[in-house]
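Please look through the structure below with its sequence beside it, and follow the chain slowly as the paragraphs lead from one part to the next.

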Amino acid sequence: MKRAPSETKNRPPRPPRVRAVQSHEVRIIGGQYKRSKLQVADKPGLRPTPDRVRETLFNWLGQDLSGWRCLDAFAGTGALGFEAASRGAAQVLLVEQDAALVAQLKRVQTELKADAVQVVRGEAVAALRHAPAGGLDLVFLDPPFDSVLFEAAVQAAAPALTATGFLYLEAPKRWSDEQLQALGLQLHRHLKAGMVHAHLLKRLEPAAASAGR
């Protein structure tokens, strides 16, 4: 039955709907914390590494990271760092600037009893610059795609790698060999998945470094 025009006109307006904060979760893929859930808050720039990319990355690295020293410089949800710890890494430093994300990372670390993981609040490039030279086996770099920190972060991370260490870089475009060589790095593996370019980098071999001069 249709309402009378006056009844419709006099009805008070509905209050605006409050948009709920959206969140979802990702899971650790392998190792001792396999299937553990990590919450993903609805925050600008927070974009966890897709499952397919993480799976491929750890296939490249090998499933066993026992004894490795790692640094996840733009930790976010901690998906990369906790994945490394799950696969046996001896030390994993998670660096995150957002206070709420830091608190969440610490909760996950406690829940998993991940003793190898240390969570600190700090700025990623500064943390990389303070890392001991040649002291890290693996560095994860996954800045927000609209960030201007890519080059500074890669430049700061390169000296921190051991001679056989790896740098994982997730970016909106593929980095050229010339860009990498200028920073003392070379491409080891590359994958494009949607908008994501995943690079696994290594220190430039001495012969290649000499040829580039």
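The second largest pocket is lined by Arg-69, Cys-70, Leu-71, Gln-91, Val-92, Leu-93, Ala-116, Val-117, Gln-118, Ala-131, Pro-132 and Leu-136, and its volume is about 170 Å³. Strand E3 (69-72), strand E4 (91-96) and strand E5 (117-121) are the elements that each give two or more residues to this lining. A pocket is found on a 1 Å grid over the protein atoms alone, as an open set of points where a 1.4 Å probe fits, with protein on both sides within 12 Å along at least five of seven lines, and a lining residue has an atom within 4 Å of a point. Grid points are joined across faces, edges and corners, and the volume is the space filled by probe spheres set on the points. The lining residues divide into 9 nonpolar, 2 polar and 1 charged, where Ala, Val, Leu, Ile, Met, Phe, Trp, Tyr, Cys and Pro count as nonpolar, Asp, Glu, Lys and Arg as charged, and the others, Gly among them, as polar.

The model is predicted, and local features need pLDDT of at least 70, side-chain atom pairs count only at pLDDT 80 or more, while totals for chains, interfaces and linings use all residues. Residues are numbered from 1 along each chain as its sequence is written, and side-chain values use heavy atoms, with hydrogens and water left out.

The chain has 8 helices and 9 strands, which are DSSP runs numbered from the N terminus (helices are H or I with at least four residues, strands are E with at least two). An open sheet of 7 strands, with mixed pairing, has the order E5-E4-E3-E6-E7-E9-E8, and its edge strands, E5 and strand E8 (185-193), each pair on one side only. Two strands pair if DSSP finds at least two bridges between them. E8 and strand E9 (residues 196-203) pair in the antiparallel sense over 8 bridges, and Lys-192 has His-197 in E9 as its bridge partner. E6 and E7, by contrast, pair in the parallel sense over 5 bridges, and Leu-141 stands opposite Leu-169 in E7.

Over the chain of 213 residues, buried residues make up 44%.

Helix H3 (residues 79-86) is mostly covered, with 8 of its 8 residues buried, among them Leu-80, Phe-82 and Glu-83. H3 is followed by Gly-88, whose phi is positive, near 105°. Another helix, H6 (residues 150-157), lies across E6, E7 and E8, and runs at about 165° to E7, where axes are lines fitted to C-alpha atoms, for helices over the stretch in contact (heavy atoms within 4.5 Å), and angles run from 0 to 180 degrees between N-to-C directions.

Two loop residues close the tour. Arg-35, in the loop between strand E1 (24-27) and strand E2 (37-40), has a phi near 75°, a positive value in a residue other than glycine, and Arg-35 counts as exposed because its relative accessibility is 56%. Lys-113, found in the loop between helix H4 (99-112) and E5, has a positive phi of about 55° although it is not a glycine, and at 66% relative accessibility Lys-113 counts as exposed.

Notes. Buried means under 20% relative accessible area, exposed over 50%, partly exposed in between (1.4 Å probe, protein chains only).
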